[in-house]
Amino acid sequence: MSNLVRISKENDIAVITIDNPPVNALSPGVPEGLAAAIDELNRDATIKAAIVIGAGRTFVAGADIKEFGKMVATGRRGSLLPLLRKIEDSAKPVVMAIHGQAFGGGLELAMAGHYRVASPTAQVGQPEVNLGIIPGAAGTQRLPRLVGVAKAVEMCTSGKPVSAREAAVLGLIDKLIDGDLLTGALSFAREIADKPAPKARERSQKLGTAEESAPIFAAARDNVRKKQRGMKAPLAAIDAIEAGTRMSFEEGCEAEAKLFTECLLSDQSKALIHVFFGEREVAKIPDIPKETPMLPVNRVAVVGSGTMGGGIAMVFANAGIPVLLKDVGQAALDLGMGKIRKNYASSVQRGRFTQAFVDERLALISPVHNYDAFSDVDMVVEAVFEGMALKKTVFEDLDRACRPGAILASNTSTLNIDEIASVTSRPETVIGTHFFSPANVMRLLEIVRGKKSSREVIATCMQLSKKLGKIGVLVGNCRGFVGNRMFGPYRREAQFLVEEGAAIEAVDQALVDFGNAMGPLATGDLAGLDVGWRIRKEYRHTEKPGVRQPFAEDRLCEMGRYGQKTQKGWYLYDENRRSSPDPEVTALVRKWSAEAGTPQRQISSDEIVERCVYALVNEGARILEEGYALRAVDIDIIYLNGYGFPAYRGGPMWYADTVGLPKVYQRICDFERQHGELWAPAPLLKRLAEAGKTFADFDKEQVAAA
Ligand code: T1G
């Protein structure tokens, strides 16, 4: 018996425990241990039934994702099917006892059992599409037999888990166990020990007919094409389930296996597995050990009740943390609280929150217009207007009002954290916490490390980000930090392309077809073109004479065209913020380009994508070699969660690796020849390309050097 699976006896019931921390993944040794345990179950005449249960915090989180690389490299794909068949064909009933998560191969294992019991807090699901694959152990065949075709399609295409309670209603879970799971499972096993052992694979009533399920598949394909645009795995999952409704169980499993292997070998899957581990890797800071003491964050304050301040207050309230929301006067506070209430109301309308939940959260937000109560808070997030002078005034006030050791954070998106910290007597407690708009929706939190930010403050903010439902990524204190610093060249190229003759819609469409949620010009209109304009004006003095700068957006702003907020920007917007092309802008840009002597030409969508995405990559490489980002994967996670970069491309740095750095470097050298020094290749990129290495290699070297 492998040491990852053990078998014990509770009188006439065998208890088979999977013990492979941290999440009981089906790593090598686990399936073998389970198979041996089932053999022993059927050999031992004193045993009437068995329970399979997970040790630690969960049942089984699925196949071992770390093994996929080896599968791809060797082409050898071990199959769980024989084990699942052995369990299902066991002469003695097998009860699966689920707590925590039964995900992917974990749910497939559970469905091979004859009965499933669960703690009410458990979750079950087929999240494989989030890894660019589909269930590969008969999940697309057994699940529709247990929950029906429509629900199986929904679970396998969305990848979202369902609660044990819902699974019980669906018939996927036979009994919910309140109290101790093993105790409840043992009495359940005794109840069913002499009953027939139902096999999921033989239950075909819920499959319905091909005519009945055809509209389900058609609607699901439409839905995937709309909501998971560009992703291949969800469509493959539908194909596998559909195959299962038209073939025998065994043939359905073969169809599934073929589709699974195609997905596993795809670039999308490699990219999404990179993202899976990347989202966990970003939490690891080489010079901040796991045991770094955490500071308490039980009560917070937010300064500024504008769009960002209000959203940030909601984030803390949603996590159950009481928050003071400060603004200068009652009118501003009423406006801010009004927006918050409106936001929550639309979340209730959309069924995201219950009214009770919202009432509780609103009660946690206390509007104030002075610093009187700030001496009791553990952390403050400043979210006032983006001006250095004002921020310094606020931090001087906070330095006076807050207790020693309270964390003083700024939500600045571009300004120098060290300069802000310099006006306080406690720079070690000052840090950047850059939320993304809308703060209560966007998952990304850029945590900006100042020269003097203490390890405790950094570690506390990194951990807090998880509690707030965010992905915290630690970045250095350079202008625009990581995300916005890279976004500058990306949007610069988009403007240049329009000035050189590309149509505004064509530039945006090329990046949308590439997989971005929105094009660079439309994104500018959404964020407000004046935001960048104000920053460019503030930094005009740093621009190198003779170096080409985009002019179109500055000219639009001089005309008061700030985007959605003025219903005019690159596009026109109606009262519902729906956009339409504006021929006046196209004519204006042509006129300005003629005046500037910018040659006009036809530009392909391939070039549009290369210019914009490689501008991201080149600046990303600079950021890495300057040490403002710890790893290339950190940059990828920032772009996926803050800038709508398509997850199935893995992020800009991973995408560059997929294209091949020698090719990316070559194209950037072409652009440098054509467009000048703004395209000077980053030395790191040159070095890696010439060495035949990747950004992933760079990350490995970083980890090894740490
Ligand atoms: N394989 C390998 N490692 C895993 C893993 C897995 N399935 N799941 C988690 N880990 C590692 C993770 O990298 C981290 O490591 C540690 O465990 C804790 O995870 C045949 C083919 C279960 C909800 O997609 O969603 O089955 O960083 O930080 O926040 O059809 O982990 O500490 O070194 O995420 O409490 C399908 C993936 C696989 C589920 C727990 N299963 N996991 O979240 O902890 S494909 C999944 C999760 C499959 C079959 C197919 C979450 C979790 P480290 P964590 P958490």
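**Ligand and cysteines**

Modeller: A polar side-chain atom of Lys284 sits 3.0 Å from an oxygen atom of the ligand, a polar contact being a pair of N or O atoms within 3.5 Å, where within protein one must be able to donate a hydrogen and the other to accept it, and residues adjacent in sequence count only if both atoms are side-chain atoms. This is a predicted model, where local features need pLDDT of at least 70, side-chain atom pairs count only at pLDDT 80 or more, and totals for chains, interfaces and linings use all residues. Residues are numbered from 1 along each chain as its sequence is written, and side-chain values use heavy atoms, with hydrogens and water left out.

Biologist: How far is the side chain of Glu108 from a ligand oxygen?
Modeller: An N or O atom in the Glu108 side chain is 2.6 Å from an oxygen atom of the ligand, and for a polar side-chain atom of Glu128 the distance to a ligand oxygen is 2.9 Å.

Biologist: And how much of the ligand does the protein bury?
Modeller: The protein buries 79% of the 1000 Å² that the ligand exposes when taken alone, with areas from the Shrake-Rupley method and a 1.4 Å probe, where for residues only the protein chains shown count as cover.

Biologist: Switching topic, how many disulfides are there?
Modeller: The structure holds 0 disulfides, a disulfide being a pair of cysteine sulfur atoms within 2.5 Å.
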